[in-house]
Amino acid sequence: MRLELGSPPEDGDLYNAFINALYAAGAGKGTIKMYSVAIREFLEFVKKDPKKVTSDDINRWIIELSSKAKDNRSRSVTMRYYVIAVRRFLKWLGINVKPVMPRAKRKEIKALSEEEIQKILASARTLRDKLIIKLLTETGMRANELLNINISDIDFNRKMIRLRVTKNGEERVVFFTDDTLDLMKKYLKIHDGEKLFQMTYPALYKAIRRLGEKVGINGLRPHMLRHSFATNAIRKGIPLPAVQRILGHKDIKTTQIYTHLILDDLEKAYREAFG
């Protein structure tokens, strides 16, 4: 769903007016943060009335960003998102520019096999850690979505959770299994509080990384478990549009990045059979 941002004011602080329009339209926190940083940095660079910005101004800014980036992949991804943000801001102002659009290199996707997931679960010593791993690998939710679950968001009869705090600001529903339901009930007997998990993102990150190190998986992070869900879901035959809905992707092209891992499976099977 495309955000309807209305019309810009005739004068005043156009930057803050645009950010306020994003808030009023219900844009997600991540989107607002990215747009805020990108547009502010661009305006600081160009040092001119945004209504007089040209494509060449943006192209010069892209070169400036490129020179500051630490690596090629982060450079291409950051610049692409930043240019999209600035172009949206200028279009809101009625300025149609056509700058260069940096090509984003495909992000390397790392996913765990079901055997690796079982090893991680076996290494978890607390009900909390086991439940975290089960939910992340069975639902594909993001870490921030997990940490914002209230117990009232859980439908125990239908084994589903309504995610109210999401990246794009739109609620969605995810599902979990009978095993996870049993684990959740045991956990809630010793848990007190409105939120399902009372912890910060750094604490979650460290807990998951520590579980990975126990079984020889270095660099394990919450988003890798999301990748693992998506890949295993496609392997099990869940249609791509359904995986898209569960993950909360706006564009199915984002979901399609996981299909190349399935292609790797097919190639491996073929090479093993035919040499």
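Let me begin with a term: a residue is called buried when its relative accessible area is under 20%, exposed when over 50%, and partly exposed in between, using a 1.4 Å probe and protein chains only. By that rule arginine 164, with a relative accessible area of 42%, is partly exposed, and glutamate 171, at 45%, is partly exposed as well.

Please keep in mind that this is a predicted model, in which local features need pLDDT of at least 70 and side-chain atom pairs count only at pLDDT 80 or more, while totals for chains, interfaces and linings use all residues. Residues are numbered from 1 along each chain as its sequence is written, and side-chain values use heavy atoms, with hydrogens and water left out.

Arginine 164 and glutamate 171 form a salt bridge, with their closest N and O atoms 3.3 Å apart; the term requires a side-chain nitrogen of Lys or Arg within 4 Å of a carboxyl oxygen of Asp or Glu. The structure holds 12 salt bridges, and one of them joins glutamate 145 to arginine 142 at 2.9 Å, N to O. Here glutamate 145 is buried, with a relative accessible area of 3%, and arginine 142 is buried too, at 14%.

Now to the aromatic rings: those of Phe, Tyr and Trp (its six-membered ring) pair if their centres lie within 6.5 Å, and planes under 30 degrees apart count as stacked, over 60 as edge-to-face and the rest as tilted. Across the whole structure there are eight aromatic pairs. In one of them, the ring centres of phenylalanine 42 and tryptophan 61 are 5.1 Å apart and the planes stand at 70°, so this pair is edge-to-face. Both phenylalanine 42 and tryptophan 61 are buried.
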